Each structure stands twice: as structure tokens, then as C-alpha cells.
Amino acid sequence: VNPRASRTVPFVSKAIGLPLAKIAARLLAGEKLSSFSLKKSKSTYFSVKEAVLPFDRFPGADTILGPEMRSTGEVMGIAESFEEAFLKAQMGAGVNLPEHGNVFISVKDSDKTLRVLEAARIIQQLRFTIYSTIGTAKFLERNEVKTLVVKKVYEGQPNIVDLLRDDKINLVFNTTEGSQSLKDSKEIRAVTLNK
């Protein structure tokens, strides 16, 4: 977490069951830390914080994230497993995940790791069809994940933006690196936002 008082302290307070802001204020007023009965949390549940990013309210805004905060709030998912807490947080933030269909995966070279591979395998097990650009497709195929190759925008048509516009892609995993790739993927972000 980012240890600032604005949004993180209330989140951590709720997650561990201690009024951290109140304790901090009393410490600043001169009370000693030893005067509080602070015990290590024995919580067995997971807490997930998710930013609410309402880009759909800002027509024409690029969804690329930078150092500035663009969220209009945050939600919290609490459950006995990380997966359920994560799902609750996504649902609270208004993210609707598809249950079937087609997934586009195109990741920069440094993201072609076991994590992406594990996600692709899960997606495949859930019977989604995976579409990828050539570099990601080679990585996935080498690791026994079946994928259909789709062209990048500058490679001609039909390309990924065409598939997105035709509602043939239900979920997008796309990471880029470098100013040219970031610029090239702007159309993907724009079309995905409007779906």
C-alpha cells in the first residue's frame, strides 16, 4: 500500500480492525504507543483495494495510467480467499468480467513470464478463445497455449481494432513498452473503453 493518510489508512484500518487515524492523532497529542493495546492481527481473510476508474465519463480521455490519480474512488473486497476478495473488489468497481467468448492477449517482452502464461492457461481452461499478436502468440504456443494470431493495426486488416469494433473480443490483456508502442495501442484502448 501507499502509506498516505488520504485513502490507505481507512482501508488498512478496516482490514486489520484498528482505528489507525484515531491512534495516530492521540500519539501526536502526546500519548505513548504503549498505552494502546495493539496486537498483531490474527485475521484469516484477505482484503483487496481497487480503484474506480470511470473513464467512460470522460469521452476522449486516454485510459493509460500515469503518476496522477484519475480514480473517483475506491472499493474494498473482503473474503476468506484472495480470489473471492479480488472478485468482490472488481464487482464493486463496476468491472464486468465475461464468462465466455474471446480474449486478446498481447504483452511486451518483459511481461512474457510465468504469470502471463498461468493466466493464459486459466483462460484456455475456461474455454475462452485466445487471440494474440505474433510475438505473444509465439510465446504462448511454445508453452502449449493455443492462440489465434491477429494483426497489429499497422500490419493491415483485419487487425485487433477491427475485431474489437466487431464485438469479437470480450476481454483485453495488453501491455506496451516505449513511446511508439504506447502510441500504437491508443486505438485499442479507445475502442475497448467504448465496449
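The paragraphs below go through this predicted model from the whole chain down to single residues. Residues are numbered from 1 along each chain as its sequence is written. Local features need pLDDT of at least 70 and side-chain atom pairs count only at pLDDT 80 or more, while totals for chains, interfaces and linings use all residues, and side-chain values use heavy atoms, with hydrogens and water left out.

The chain has eight helices and six strands; helices (H or I, at least four residues) and strands (E, at least two) are DSSP runs, numbered from the N terminus. Read from the N terminus, the elements follow the order α-α-β-β-α-β-α-β-α-β-α-β-α-α. The confidence of the predictor in each residue is given as pLDDT, from 0 to 100. Its mean over the chain is 85, and 86% of the residues reach 70 or more.

Of the 195 residues in the chain, 27% are buried. Here buried means under 20% relative accessible area, exposed means over 50%, and partly exposed lies in between (1.4 Å probe, protein chains only). Contact means heavy atoms within 4.5 Å. Among contacts between residues at least 6 apart in sequence, 56% join residues at least 24 apart.

Helix α1 covers residues 8-16, and its buried residues are T8, F11, S13 and A15. The elements that cover these buried residues include α2 (20-28), β1 (46-52) and β2 (73-79). Just after α1, G17 has a positive phi of about 80°. Further along, S41 lies in the loop between α2 and β1. S41 counts as partly exposed because its relative accessible area is 37%. Although S41 and A15 are 26 residues apart in sequence, their C-alpha atoms are 9.4 Å apart in space.

The next part concerns a pocket and one of its lining residues. The second largest pocket has a volume of about 420 Å³. Of the 22 residues that line this pocket, S106, T133, K152, T176 and S181 are the closest to its centre. Such spaces are found on a 1 Å grid over the protein atoms alone: a cavity is a set of points where a 1.4 Å probe fits but cannot get out, whereas a pocket is an open set with protein on both sides within 12 Å along at least five of seven lines, and lining residues have an atom within 4 Å of a point. Grid points are joined across faces, edges and corners, and a volume is the space filled by probe spheres set on the points.

Which elements supply at least two residues each to the lining of the second largest pocket? They are β3 (102-106), α5 and α7 (179-184). Helix α5 gives the most, with three residues. By class, the lining has seven nonpolar, nine polar and six charged residues. In this count Ala, Val, Leu, Ile, Met, Phe, Trp, Tyr, Cys and Pro are nonpolar, Asp, Glu, Lys and Arg are charged, and the others, Gly among them, are polar.

T133 sits in the loop between β4 (129-132) and α5 (134-142). T133 counts as buried because its relative accessibility is 5%. Leaving aside neighbours within four places in sequence, T133 is in contact with F104, I105, S106, V150 and K152. The side chains of T133 and S106 are joined by a polar contact of 2.7 Å. A polar contact is a pair of N or O atoms within 3.5 Å; within protein, one must be able to donate a hydrogen and the other to accept it, and residues adjacent in sequence count only if both atoms are side-chain atoms.

V145 is buried, with a relative accessible area of 1%. Not counting residues up to four places away in sequence, V145 touches L117, A120, R121, Q124, I130 and L140.

The backbone remains. Most residues other than glycine have a negative phi, and most peptide bonds are trans. R127, in the loop between α4 (114-125) and β4, has a positive phi of about 70° although it is not a glycine. R127 is exposed, at 76% relative accessible area. D167, in the loop between α6 and β6 (171-174), also is not a glycine and has a positive phi of about 55°. D167 is exposed as well, at 54%. The peptide bond from Q157 to P158 is cis, with omega near -5°, and P158 lies in the loop between β5 and α6 (160-165).
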